[in-house]
Amino acid sequence: MSTPDSDGLLAEQLLRLTRRVHRIQKRHLEQRDLGITPAQSRLLRTLAHYPSPPRMADLAERLEVVPRAVTTLVDGLEASGKVRRAADPANRRVTRIELTDEGRATLRELRGARRSAAEEMLAPLTEKEREVLGVLLDTLIDGDTAKTC
């Protein structure tokens, strides 16, 4: 069983790791000169997982942000040609967000940037340590769901 002090240390380590991951990913994005922010990157990745173009409200819900934040992100991505707004054929009051060809090309670059950032982060670990880390991260991500099923 862990003590409060060890839990506090682990929490601090996780926060420091999160900040380091963010810094490294941001640097790798900047090196590729994609002209997008980490938040725009996240929106593009999320958009790519939808089988058909989602509504702005769908994106806001999936990203766990307010709709206004999605509007700002989409405005920037639309201005750079990576997404476009399209009218919903079933309801003209609804706007859907579509990836453009440039947006898909940017996603490919993003995957490369994320992969090189991950390689940099994981370089000190052996293959076995990476496997253990993967299991531990899955446990933390899933929380208690495995125990309640």
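Arg84 is partly exposed, with a relative accessible area of 40%, where buried stands for under 20%, exposed for over 50% and partly exposed for what lies in between, using a 1.4 Å probe and protein chains only. The model is a predicted one, in which local features need pLDDT of at least 70 and side-chain atom pairs count only at pLDDT 80 or more, while totals for chains, interfaces and linings use all residues. Residues are numbered from 1 along each chain as its sequence is written, and side-chain values use heavy atoms, with hydrogens and water left out.

The side chain of Arg84 meets that of Glu98 in a salt bridge, at 2.8 Å from N to O; the term stands for a side-chain nitrogen of Lys or Arg within 4 Å of a carboxyl oxygen of Asp or Glu. Because Glu98 belongs to strand E2 (residues 91–99) and Arg84 to strand E1, this pair ties together parts that are 14 residues apart in sequence. Helices (H or I, at least four residues) and strands (E, at least two) are DSSP runs, numbered from the N terminus. Glu98 is itself partly exposed, with a relative accessible area of 24%.

By the rule for salt bridges, the count comes to 10. Among them is the pair of Arg85 and Asp75, whose side chains meet at 2.7 Å from N to O. This pair links distant parts of the chain, with Arg85 in strand E1 (residues 83–88) and Asp75 in helix H4 (residues 67–79), 10 residues apart.

Arg85 also forms a salt bridge with Glu78, and here the closest N and O atoms are 2.3 Å apart.

## Where H2 meets H4

The axes of helix H2 (residues 38–48) and helix H4 come within 10 Å and cross at roughly 90 degrees, the axes being lines fitted to C-alpha atoms, for helices over the stretch in contact, with angles that run from 0 to 180 degrees between N-to-C directions. H2 and H4 are therefore roughly perpendicular to each other, a label given to angles of 65 to 115 degrees.

On the side of H2 the contact (heavy atoms within 4.5 Å) is made by Ala39, Gln40, Leu43 and Leu44, and on the side of H4 by Val70, Leu73, Val74, Gly76 and Leu77. These residues divide into 7 nonpolar, 2 polar and no charged, where Ala, Val, Leu, Ile, Met, Phe, Trp, Tyr, Cys and Pro count as nonpolar, Asp, Glu, Lys and Arg as charged, and the others, Gly among them, as polar.

## Two loop residues with positive phi

Most residues other than glycine have a negative phi. Asp33, in the loop between helix H1 (4–31) and H2, has a positive phi near 50 degrees, and Asp33 is exposed, with a relative accessible area of 67%. Glu64, which lies in the loop between helix H3 (56–63) and H4, has a positive phi of about 60 degrees and is exposed, with a relative accessible area of 73%.

## The annotated span

An unreviewed UniProt entry carries the annotation "domain: HTH marR-type" for residues 7–142; such annotations may be inferred rather than shown by experiment. In the model, the end C-alpha atoms of residues 7–142 lie 18 Å apart, and the span is 70% helix and 11% strand.

Technical notes
Parallel < 35°, antiparallel > 145°, perpendicular 65-115°, else oblique.
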